[in-house]
Amino acid sequence: MTSLWPRIEPLLAKVQKPARYIGCEDGAQQPVHGPHKVAWLLVYPDAYEIGLPNQGLQILYELLNERDDAVAERSYAPWTDLEALLRARGVPLFSVDTHRAAGDFDLIAFNLSAELVYTNLLNCIDLAGTPVRAAERGPEHPLIAAGGHCTFNPEPLADFVDLFVIGDGEEVIAEITEVVGDWKRSGRTPGSRQGVLRELSKVPGVYVPSMYDVEYDGARLASITPKYNDVPARVEKRTIADLGAWPYPKSQLVPVTEVVHDRLNVEIFRGCTRGCRFCQAGMITRPVRERPAAQVQQMVSDGLKRTGYDEVALTSLSSADYSGIDQVVGGIINDPSCSGQVSVSLPSLRVDAYTVGIASEIAKVRRTGLTFAPEGGTWRMRQVISKLIREEDLYGAVDSAFSQGWQRVKLYFLTGLPTETDEDTLGIAELARQCVAVGRKHSNRVNVVASVGGFVPKAQTPFQWFGQNTAEELRRKINLLRDATRKERGVSLKWHDPKATMAEGIASRGDRRIGAVIEDVWRHGGTFQEWSEFFDLQLWEDAMARQGLSIDWYVHRHREADEVLPWDHISAGLHKDFLWGDWEDALAEAGTPDCRWTPCYDCGACTGYGIEHRVASATPPAGGSQGTGQDLSTGGAVPVQLLPRAGAGAPRS
Ligand code: SF4
């Protein structure tokens, strides 16, 4: 392996933002490669400034480089200007750490957190000089791996990716390294690629699509079954039981150029039990595993000292749900070693868990942006989606914020949800208007931004059977909201392009046939589809037509109860009859309570894996019914006591 830097450096003067490609971040590693070390290239298939802060990638980067038998480097999708130069000069995709060619690594592993980056994944494989289709690769080519939330429906990428990691990556990367290390030491002989893939398919949590036969019954998927007896019929996700055992990243990367989320990020828990039915992340990451409070404070203190940041984000799916969040935030803000200069941001705030206490602590230093996500405009709608936030919860939260001096609050909503009526849609405008009225008690200059996204039903959720709204219907709903808010002083409306929502719908619930569509879009120049300046719906419509596939069938059609779904052989632990029961409850407008504080309703996430919720301090929120009362000061992770489990499909209150 040699560095490509002498060929890359002259190109950087000709591109925007050359700092995207130089590495050199504080925390970056210069690993020493060797013939007996498995070399991983970890790729975030989007621009550097989006990918650099990704915590999942940084965790694996550190863990692999701590091993004696592995090295890991990083790469990001080259922006279009550099891509053109690389292709013109015959320079392949490279790592940013030591500028080695991607094709020299044993594995190229992608982090997939959004479907619209799929064409970038193909582009990166091609730029690496590796055949895009897995079936055309030989022993000389790297193994192409992918992990991240999108892998819970891996089928649209099944023809391009050799192995998918389902669930948490911390433990399974060691097992993959050992299997690939054996292959490497055996000399990667001709014909051995199938052998190593067969071995990898036996690693729990690893899905190797080439080991499965897919059959169709007309347009419908009939089955996905293993080709061999020793390949699992169903791949169960990996779940680390104790987040406290994994205090990573220990050396968060500090970039030398501007990136999103440019601050210290400390993950405070994984998983969510709120049960919002639209939320794939919440469903697939159960159960809740909190990091011990003492460890959070230690990671914050060490990280701030090392990086020099003056802002820390406590990250999770719903940060204010962390037990004892007030004490942790207060501990950070009042830590004398931080000189009272550190601001705390809590991404993903639940309005019903946000208190004046949190608001006043955060406001002591600097007011970071404040975003709440009621998601639905009316209580009826929020019962359907099981986001059980009452108007008074929202108004109380914004009152807390405005009383502490915030002038601007952002509210996230979805439109196109199951059973949504125009009254529900217009409820979004009404909530925003009422929030402005609450704020006016404190200031005349308050502003409420209502940000509206089109709903895309996702795999492994109770809404996986729902037919997505058409782009025209979403546009009509947005126009309703524009009319309703046009003259509202203090309310700003923002919305996501309904055309992009439709393309996301094609990729998110597609089967293996959608792979040809993704390849077609890429071959016609469709990269960076997450970016509005590059997104082109026509490319997706033309590709669907060329492949003889119907957008209506894939995106807008309601699925039936007995239908084989493309991801049925991939398990997030959730029983399919639980999801169907929850879908029926949604149609009946019945919400599901947070199972951390109520009897377990056996969704399967804990029962299937023998893991229970682990909380740092098990004091239930106001109105919660159960908890151990463990003192936060112990900092120890303790399992919440669960009541005897009801059977799957049992009535849920
Ligand atoms: S198994 Fe029970 S306690 Fe665990 S997430 Fe599912 S419903 Fe909640």
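**Ground rules.** I am working with a predicted model, where local features need pLDDT of at least 70, side-chain atom pairs count only at pLDDT 80 or more, and totals for chains, interfaces and linings use all residues. My residue numbers start from 1 along each chain as its sequence is written.

**Cores.** I began with the nonpolar cores, each a set of buried Ala, Val, Leu, Ile, Met, Phe, Trp, Tyr and Cys residues joined through C-beta atoms within 7 Å. For burial I count C-beta atoms, placed from the backbone: a residue is buried if 20 or more others lie within 10 Å of its own, exposed if 12 or fewer, and partly exposed in between. The largest core has 151 residues, and Trp40, Ala109, Val161, Leu163 and Ile506 have the most contacts inside it. Strand β1 (residues 38–44) gives the largest share of this core, seven residues. I also noted a second, separate core of 28 residues, with Phe269, Val312, Leu317 and Ala616 among them. As background, nonpolar side chains tend to be buried together in soluble globular proteins.

**Ala109.** Which residues is Ala109 in contact with, leaving aside its neighbours within four places in sequence? I found Trp40, Leu41, Leu42, Val43, Ala145, Ala146 and Gly147. In contact here means that the C-beta atoms, placed from the backbone, lie within 7 Å.

**β1 and β2.** β1 and β2 pair in the parallel sense over seven bridges; pairing needs at least two bridges found by DSSP. Val43 stands opposite Ser75 in β2. Is strand β2 (residues 70–76) mostly covered or mostly open? It is mostly covered, with seven of its seven residues buried. Ala70, Ala72, Arg74 and Tyr76 point one way from β2, while Val71, Glu73 and Ser75 point the other way, and all are buried.

**A three-stranded sheet.** Next I traced an open sheet with the order β10-β13-β14 and parallel pairing. Its edge strands are β10 (264–267) and β14 (343–345), each pairing on one side only. Neighbouring strands here are turned by 25 degrees against each other on average, direction ignored. Strand β13 (residues 311–315) pairs with β14 over three bridges, in the parallel sense, and Ala313 stands opposite Ser345 in β14. Helix α9 (residues 293–307) packs on the sheet and touches β10 and β13, its direction making about 160 degrees with that of β10. Axes are lines fitted to C-alpha atoms, for helices over the stretch in contact, and angles run from 0 to 180 degrees between N-to-C directions.

**α16 on α18.** Helix α16 (residues 498–508) and helix α18 (residues 537–546) pack at an angle of about 35 degrees, their axes 9 Å apart. On the α16 side the contact is made by Lys499, Met502, Ala503 and Ile506, and on the α18 side by Leu537, Trp540 and Met544. By class I get six nonpolar, no polar and one charged residues. Ala, Val, Leu, Ile, Met, Phe, Trp, Tyr, Cys and Pro count as nonpolar, Asp, Glu, Lys and Arg as charged, and the others, Gly among them, as polar.

I looked up two cis peptide bonds. The bond from Tyr248 to Pro249 is cis, with omega near -5 degrees, and Pro249 is found in the loop between β9 (235–236) and β10. The bond from Arg286 to Pro287 is also cis, with omega near -10 degrees; Pro287 has its place in the loop between α8 (280–284) and β12 (289–290).

Gln460 has phi near 70 degrees, a positive value in a residue other than glycine. Is Gln460 buried or exposed? Gln460 is buried because 22 other C-beta atoms lie within 10 Å.

Glu589 has a positive phi as well, near 60 degrees. Glu589 has 13 C-beta neighbours inside 10 Å, so it counts as partly exposed.

Note on methods. Helices (H or I, at least four residues) and strands (E, at least two) are DSSP runs, numbered from the N terminus. Two residues are in contact if their C-beta atoms, placed from the backbone, lie within 7 Å.
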